[in-house]
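Here is a quick walk through one protein model, loop by loop and strand by strand.

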Amino acid sequence: QLSEKLKDFITSQQLELYVVGKHGYNPIDFPLIKFVGETNQIIPTQEYNQAIQQLDAILFFYGADQYQLTASGAIFDAVNHEKPIIAIENSYFKHVFSYGNIGFLGKNISEIEEVIKKIILNEDILKEMNTFKNVKFAFSWENITFPLKVNN
């Protein structure tokens with residue numbers, strides 16, 4: 001849906017959309033999107049990290065009820081690579097974003113579309129996302145583990 005809305009930017013080569021890693025899509029059905037990895041196959045870590053490093057920002061379309069009790073490793077891949085996140089707002093993303101300005105949260109696809117258009121027209125917006133250090137620190141293993149005391 002988003003690729004169709006942004007078709008003019010894609011065909012004019014102002015925007016490229018990628019799906020990176022394991023996915024369940026048939027690439028033939030999505031001619032405006034580039035795929036890194038085969039359908040339902042995990043790609044090697046090095047290839048995955050190289051693909052992420054080449055991106056300007058990372059999109060997430062998790063629903064409002066997803067990742068309420070578990071974390072998404074993909075989100076922290078984006079944080080570790082210091083790639084701005086553009087996502088549909090949910091409680092999990094709001095929590096992660098509370099530690100720093102690392103992207104944009106929209107209520108729906110239309111808001112995500114508008115954010116992407118703004119970025120295309122003013123790339124400096126992405127440079128404002130500079131608090132990855134705070135998020136990395138807040139979610140580091142040292143900060144999310146608790147001491148275990150063993151009595152002998």
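## Two loop residues with positive phi

Let's start with Asn40, which sits in the loop between β2 and α3. Helices here are DSSP runs of H or I with at least four residues, strands are runs of E with at least two, and both are numbered from the N terminus. Asn40 has a phi near 60°, a positive value in a residue other than glycine. Its relative accessibility is 52%, so Asn40 counts as exposed; the cut-offs are under 20% relative accessible area for buried, over 50% for exposed, and partly exposed in between, with a 1.4 Å probe and protein chains only.

Gln13 is another such case, with phi near 65° and again not a glycine. You'll find Gln13 in the loop between α2 (7–11) and β1, and it counts as exposed because its relative accessibility is 73%. For background, most residues other than glycine have a negative phi.

## A note on the model

The model is predicted, so local features need pLDDT of at least 70 and side-chain atom pairs count only at pLDDT 80 or more, while totals for chains, interfaces and linings use all residues. Numbering runs from 1 along each chain as its sequence is written, and side-chain values use heavy atoms, with hydrogens and water left out.

## Lys34 and its neighbours

Lys34 belongs to strand β2 (residues 33–36). With 39% relative accessibility, Lys34 counts as partly exposed. Leaving aside residues up to four places away in sequence, Lys34 touches Glu16, Leu17, Tyr18 and Val19, where a contact means heavy atoms within 4.5 Å. Val20 is 14 residues from Lys34 in sequence, and their C-alpha atoms are 8.6 Å apart.

## The largest pocket

How many residues line the largest pocket? There are 42, and Leu17, Tyr18, Val19, Ile58 and Leu59 lie nearest its centre. Elements giving two or more residues to this lining include β1 (17–20), β2 and β3 (58–60). The lining divides into 29 nonpolar, 8 polar and 5 charged residues; Ala, Val, Leu, Ile, Met, Phe, Trp, Tyr, Cys and Pro count as nonpolar, Asp, Glu, Lys and Arg as charged, and the others, Gly among them, as polar.

A pocket here is an open set of points on a 1 Å grid over the protein atoms alone, where a 1.4 Å probe fits, with protein on both sides within 12 Å along at least five of seven lines; lining residues have an atom within 4 Å of a point.
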